[in-house]
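Here are my notes for your first look through this structure. Have the sequence and the model open side by side as you read.

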Amino acid sequence: AHLSKTTNISKDSVTVLSRAAGIFILYLSSCATDIAREGKRSTIAAKDVMAALKELDLEDFIPELEQFMVEHKKYEATKKNEKDLNKKLKGARGADGKYVAPVVDGDVKEDEKDDTDGEANDEEKLASDIVDVLQTKHDLEREDRDDVKRMKLE
């Protein structure tokens, strides 16, 4: 459920809604804590929050939260994979935030040039292609995050 674009909210309403949201989170957390303790755990897990929502007769929120969790896990996995790939490539971002291709060692002895020039060029091309893919992926993720923010505001 979302507010329509034409709905106006007074300052007092925002204050009351903020306080109510805080109280709701404390209540939900307390219920989730009890569920975790029943399971002999001291850490609240997502499943505890979902169970607390059921216990509080708020199961209508569960499908949306489950979908959010799936998307969040994908996003986190993507971030981790990108970080791991960056470590492997030893790539860095320039001042403009774009990926910079790693430097390929160009010190080749004169008698080895014929054998390795193609390999060095292949490595440089591969590094450049990977940087392009990472930059495109980064740009798309930024667009996706912006789309999600816009949807939440609507």
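1. Start with confidence, since this is a predicted model. Across the chain the average pLDDT is 77, and 64% of the residues score at least 70. A stretch to treat with care is residues 107–117, where pLDDT stays under 50. For that stretch the model has two contacts beyond four places in sequence.

2. Next, the overall layout. The chain holds four helices and two strands, and along the sequence they come in the pattern α-α-α-β-β-α. Buried residues are 14% of the 154 in the chain. If you count contacts with a separation of 6 or more, 43% of them join residues 24 or more positions apart. The chain exposes about 12,600 Å², with carbon and sulfur atoms supplying 55% of that.

3. Which residues of helix 1 are buried? They are Leu 28, Cys 31, Ala 32, Ile 35 and Ala 36. Helix 2 (46–55) is included in what covers them. Asp 34 is also found in helix 1, but Asp 34 is partly exposed, with a relative accessible area of 40%.

4. Helix 2 has its own buried set: Asp 48, Met 50, Ala 52 and Leu 53. A positive phi turns up just after this helix as well, with Asp 57 at about 60°.

5. Now the charged pairs. Side chains of opposite charge can pair when their charged atoms come close. How many salt bridges does the structure hold? There are two. In one, the side chains of Asp 48 and Arg 41 meet at 2.7 Å, N to O. Asp 48 counts as buried because its relative accessibility is 1%, under the 20% cut-off. Arg 41, at 29%, counts as partly exposed.

6. The other salt bridge joins Lys 79 and Glu 76, at 3.7 Å, N to O. Both residues lie in helix 3 (residues 62–89), three residues apart, or about one turn of the helix. An α-helix has 3.6 residues a turn, so residues three or four places apart point the same way. Lys 79 is partly exposed, with a relative accessible area of 40%, and Glu 76 is partly exposed too, at 32%.

7. Leu 3, Ile 9, Val 14 and Leu 17 make a nonpolar patch of about 360 Å². Val 14 has its place in helix 1. Is Val 14 buried, exposed or partly exposed? With a relative accessible area of 43%, Val 14 is partly exposed, because that value falls between the 20% and 50% cut-offs.

Terms used
Residues numbered from 1 in each chain as written. Predicted model: local features only at pLDDT ≥ 70, side-chain atom pairs only at ≥ 80, totals over all residues. Heavy atoms only, no water. Buried < 20%, exposed > 50% of the residue type's maximum accessible area, 1.4 Å probe, protein only. Contact = heavy atoms within 4.5 Å. pLDDT = per-residue confidence, 0-100. Areas by Shrake-Rupley, 256 points an atom, 1.4 Å probe, with all protein chains shown as cover. Patch = residues over 30% accessible without salt bridge, like charges linked within 9 Å, V, L, I, M, F, W, Y side chains within 5 Å. Salt bridge = Lys/Arg side-chain N within 4 Å of Asp/Glu carboxyl O.
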